[in-house]
Amino acid sequence: MVEFRMPSLGADMEAGTLVEWLVKPGDQVKRGDIVAVVETQKGAIEIEIFEAGRIEQILVDLDTKVPVGTPLARIRTEREAQPAAAAPAAPPPAPPAPSPAPPAVPVRPRAPMVPARPGPAPSAAPPLPAGPGVAGRARASPAARRLAERHGVDLSAITGSGPGGAITHADVAGRLGGITAPPDRKRALGLDLDAMRTAIAAAMARSKREIPHYYLEHQVDVTACEQWLARTNATRAPDNRLLIGALAIRSVALAARRFPAFNGFCRDGKFEPAAAVHVGVAIAIRGGGLAAPALHHADQLPLDQLMTGMRDLVQRMRSGRIRSSEISDPTITVSSLGERGVEALYGIIYPPQVAIVGFGKVVTRPWVVDGAIGPRSVVTITLSADHRVSDGHAGALFLAEIGKQLQEPDKP
Amino acid sequence: MTAVADKPHLSREHMLDSLKQMIRIRRFEDKCAELYTQEKIRGFLHLYDGEEAVAVGVVPVLEKRDRIVATYREHAHALVRGVAMTAALAEMYGKQEGCSRGRGGSMHLFDRATNFYGGNAIVGGGLPLSIGLALADHMRGNDIVTACFFGDGAVAEGEFHESLNLAALWGLRVLFVCENNLYAMGTSLALSESETDIQRKAACYRIASEVVDGMDVVAVEAAARRAVHAVRESGKPYFLECRTYRLRAHSMFDAQLYRDKVEIEGWRHKDPIVRFQGWLESSRMIHPDDLARIEADVAAEIAEAVAFAEAGTWEPVEQLSRFTYAEKAA
Amino acid sequence: MTREAASSDTIEVTYRDAMREAIRDALARDDSVFLMGEDVGRYGGCYAVSKGLLAEFGAERIRDTPLSESGFTGAGIGAAMAGMRPIVELMTVNFSLLALDQILNTAATVRHMSGNQFGVPVVIRMATGAGRQVAAQHSHSLEGWYAHIPGIKVLAPATVEDARGMLWPALQDPDPVLIFENVMLYNMTGRLAKDAGSVDIDKAVVRRPGHDISLITYGGSLWKTLDAAAALAADNIDAEVIDLRSLRPLDDLTIMTSVARTRRAIIIDEGWRSGSLAAEIGMRIAEQAFWDLDGPIGRVCSEEVPIPYPRHLESAAIPQVPKIVAAAKAALGRA
C-alpha cells in the first residue's frame, strides 16, 4: 500500500486545494494517469499519479486546502515498489542512505581540489599592524571619547571591554561611577532585577497602605514649548538636542520651590520640607526594573545641563551604575511614559516623598485660543499627593504653576 | 573528415536507436516530473515531452568536436549528446556529483567533455554565445559547427536578430535550430509575432532556411544532415525551423490557462514516439521483444540515475565562494 | 608596481596613445587577441583609440560590428569561452546597458554556474564619465554598479602608465575584466617609460603621501583630487591621495593602512551618491578602521540628477576641486 500525496508543483507552492477527483475507490490507475484537479494560486492544475494499482481509499475531502506532501489517497500497488518509486520519505536535508552498490559510472575528472583560496574576500579584515591604529593612541569609540572629555577622564587609564580591547562608552561611564569595568557582561549590568522588583513591590505596597493619596489632573497647552524646542533644536546636533522631558522636569522643580508642601519627606506622620529640590526621574529598564534616581538641584540647573543630567541618569541606570544616594535623595518625583504611553498617568508616591507628578503623552487636540478653535499640542499632567501634607486646593495651585512654567520654556 | 550522408541511415539498428533515444528521454522527463512533485528536484523544471524528435534528430548528426548551445529545456539535448544520465539527474538534485557540481540545476546543465555549453535561463541568451563560439572557430580557420537551439519565444528578443545578422555578416558556421512549439511560456506565437512563419525571418538576413515537421524524427534527421553538411561546407549559417509541440505545460507549475485541451489532444495524436513506433511496427522493423528490451534498459538506466542522485552529496557550504573566479594552481 | 624612470627614457604620450599601444602590443604578441566593437576599424575608434590598427592588423582582428551591443558582447564572451582572447569595446558605459544581460547573466555567472567547467577570459573596455556636455544619456559613470557583480573584475586606469600597462594582464586573466576609461582622460598627457609594460591590476596606489586625511578616488576624479590636495597644502592640510586602480577587487589593505595613519577619509567618486562605490568603500572603512577614525567618513559624488547639458550645470553636477577641498576641510573641522 502506498500513499499518493499532494505534489509540489512549483518552488512557491506550499499548499493546494483538491477541487475534483477523477478516480474513485476501486478504480485501476497506471503511471501517468490524471487522477485529480488541484486549485493553486496559478489556477487549476491536473495532477498525475506515478504509481500503478488500485485506489483503495480517498483520504482528503474536496475543497480542503492541504499542504504539499499531505496524503490524498491510498493505492494498493500491483507489485513491490521499484527502488526509485519507494514510499517517499520526508524530504531529507541530509543525503539519504546509499542504495545497493552504486554502479561503476565513469566519473568525470574534476579540476584538482586546490585548497580554497580566500580570494578577493571583502569581508576579511586586512592584516593591519598589530595594536592601536597609531602607536600610543588608545582605541576608543567616539562616544567614549566624548564622555571622557566631558568629565576629564584619562583614557589611557581605562581598560577597554570593546572589540579588540577598545574603550567603550560604558567603560568610561563605569570609571565615572567609581566602578571599574567588570569583565563579566552579566555582572556589568550591575542590576539584580529580581531584587529590584521585590523592593519596588514593598515600597508601592507600603505607599498605598500608609499614604492617603489624592489625585488631580490638569491639561496644559504646550504648543509654545514645542515650537520653542523645534526652533532651538534646529541648529543643534542630534546628541545636543533638548527634549520636552527636560522642560517638564524643570517646570516641576521651579513649581516645587514655590510650593514646598510638595517637596520633602513625611516620616512618622511628620512632614519635613526639603531645603533643595532634587527631582526623582522615573526610569524604566528593559526587563522590568524601575527606579527614580535624583537630578540634584533641578530648580537651579540650566536647561542644557538638566538635559545632559537626564541622559546621564538614563545611561547609568541602564548599565547599573546608579549610586545609592541618588536613589534616596529625590524630594519629589516626575514620571512620564513618553510617546508610547497613555494620555494620563497616575503615579504612586515613593515613600517618604509626598508627591509624584505624572506626564501623559503630548496629543494634538482642538483647543480654544482667543475665542477660536484650533489644533494645539496638549499634555495631561497629574498630581498624586499625600493628603496628610497638602490638600486639593494647594495641589491645584501647584499644578497650575507647573503649567505656567511650561509656557516659558526660554526662561533661563 | 567523415563521409557525408544526406539521407539518414534507415537501417534497423539506427531506427531502433532513434526510438530508444526518444523513449529514454520521455521516461527520464517523466521521472523528473515525479521527483519534482516529491520535492527532490526544486526550482524550475521544463520538460520536453512531445519534442523528442528534434533533439534526437539533430544532436547525433553533430560531430564530437562540434558545439551545442541550448535552452532551459535541455535535458534531452544533454542526454542525447552524451552527458551521463547519472550526472544530469544528480545536477537536478543539486548534488555536487552533478555535471555542474550541483550549482546550476535543471536549467544549467553544462558539460565540457561533450562541448555542451549549457542550459540558459534567459530566453535568447544563448544566441550571442553561439555566435562567439562560432567566431572563435572561424578565426581559427576550422570547420567546427555550433548548433544553437532556441524556441519560438527567443525570436522576439533583440538578441535573436542581432545574432542572425552577425552570423550571416561574418560568415559563421552556426546551425540555428528553432524548436517552434507555438508557445513562449503562456504566450502563443500568433499573439507575439507579426510574422509567424519564423523561417521567413532568416531570409531577411540572407540565411538559408528550411521548415521541417518536428514530430517526425526521420524528417528532422534528414533535414539536420543536409543542414550540418551545408554549414560545414559553405561556412555559412543555416536556419532550421522544427515545428513541434510540448505535450506538457511550460513548467511544472503551470495551469495552462492559455491553451485548450482539444488542441493538446490533437497534437498528442502526433506524438513523435507513437508515430515512429507505429511506423516501425507496421514496417516490421521492430518486434515486441525489442520494445520490451528498450523499456527495460531505459528503466534500469533511470533507476541507476536515481540511486546515484539520491546517494549524492551536498557541496560543503564553505565552498560557496569557490569558482566565482578562477583559482590559481597551488 | 609603479616604476620610476629617468626623463631621458620617457616619452610624452596621451592616455589615448598609451591605450592604443597597449592594444597593439597585445595584438602583436598573441594571435588569439582581437578587438571587436562599433567603429573600431574604419572609423578608427570613437575616441580614436584604435586609429591605424585596422591597417596594421586587418579586418578579422580589428572587427567592426553592427550596433548590436548584446549580440557582439555575447559573441566576445562566447569566443573567449572557446579559447580566444577578445577585447570587446563597448563605445561607452551608456550603451553597455544593452549588453548588461550578457555581462551579468553569462560572463559573470558561467564559471560558478557550470561548476568551474567554463571560464570567460574576455576583456570589455568602455568609455565612462561626464564633462563634454553630451547630456543625460551619454554621461553615466556606472563602473560602481559593475563593481557590485561577483564573477567579474573592474579596472579604472587613471594614468598613462596604467592605460599602457593594465590591458595585457587583463587579457591574461582567466575571468572577465572590465576596463573603464574616463572620457576626460583621453587627451591627457603624461610621461611614460619607453619600455613601459604590464602593471598589477589588483592594487591601489598612494599617488600623493600625506598625513592629515586620506582622499580615496579613481579614474577621472584622480586628477581633480590631486589638484585639491595641492590647494589643501597651501592651507597647511597635508592630504594623502589614493588611486584605487581596481574597483573590484578593492584593495582594502592600502585603504585601511592609509586611514589608520590619517584618521580621516573622503571618497571621491563620479557615480551618483546613493548606493555608490563610495558608499561601499565608506562602509568598509567603518567595518575595518572604525577605531582609528577621528571623524565621520565623507564622500564627494555626483549630484542625484541626470547629467544636464549646459556647461555650468554639468560642472555643478559632478565632483569638482572646490567640492573636494571643502569636504576635506569640513572633515578636519576647518570649514
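Of the 412 residues of chain A, 29% count as buried. This is a predicted model, where local features need pLDDT of at least 70, side-chain atom pairs count only at pLDDT 80 or more, and totals for chains, interfaces and linings use all residues. Residues are numbered from 1 along each chain as its sequence is written, while chains are lettered from A and ligands numbered from 1 in the order in which they are written.

User: What makes a residue count as buried?
Analyst: You count C-beta atoms, placed from the backbone: 20 or more others within 10 Å of its own is buried, 12 or fewer is exposed, and in between is partly exposed.

User: How many helices and strands does chain A have, and what counts as one?
Analyst: Chain A has nine helices and 19 strands. They are DSSP runs numbered from the N terminus, with at least four residues of H or I for a helix and at least two of E for a strand.

User: Why are helix 1 and helix 2 of chain A called roughly parallel?
Analyst: Helix 1 (residues 142-151) and helix 2 (residues 169-176) of chain A pack at about 25 degrees, with axes 7 Å apart. Those axes are lines fitted to C-alpha atoms over the stretch in contact, and angles run from 0 to 180 degrees between N-to-C directions. Under 35 degrees is roughly parallel, over 145 roughly antiparallel, 65 to 115 roughly perpendicular, and the rest oblique. So helix 1 of chain A is roughly parallel to helix 2 of chain A.

User: Which residues meet there?
Analyst: From helix 1 of chain A, A:A143, A:A144, A:L147, A:A148 and A:H151 meet A:H169, A:D171, A:V172, A:A173 and A:L176 of helix 2. Contact here means C-beta atoms, placed from the backbone, within 7 Å. By class, you get seven nonpolar, two polar and one charged residues; Ala, Val, Leu, Ile, Met, Phe, Trp, Tyr, Cys and Pro are nonpolar, Asp, Glu, Lys and Arg charged, and the others, Gly among them, polar.

User: How do you know that strand 6 and strand 8 of chain A pair?
Analyst: Pairing takes at least two DSSP bridges between two strands. Strand 6 (residues 53-58) and strand 8 (residues 71-77) of chain A run antiparallel and are joined by five, so they pass the pairing rule. As one example, A:G53 has A:T77 as its bridge partner.

User: What makes strand 1 and strand 3 of chain A edge strands?
Analyst: Their open sheet has four strands in the order 1-8-6-3, paired antiparallel. Strand 1 (2-5) and strand 3 (28-29) of chain A each have a single partner strand, so one side of each has no neighbour in the sheet.

User: What is the largest nonpolar core, and why is it called a core?
Analyst: The largest one has 221 residues, and B:A88, B:L175, B:L240, C:L215 and C:A328 have the most contacts inside it. The term means a set of buried Ala, Val, Leu, Ile, Met, Phe, Trp, Tyr and Cys residues joined through C-beta atoms within 7 Å. Helix 1 (residues 12-37) of chain B gives the most to this core, with 10 residues. A second, separate core of 48 residues includes A:I249, A:V277, A:V389 and A:F398.

Methods:
Two residues are in contact if their C-beta atoms, placed from the backbone, lie within 7 Å.
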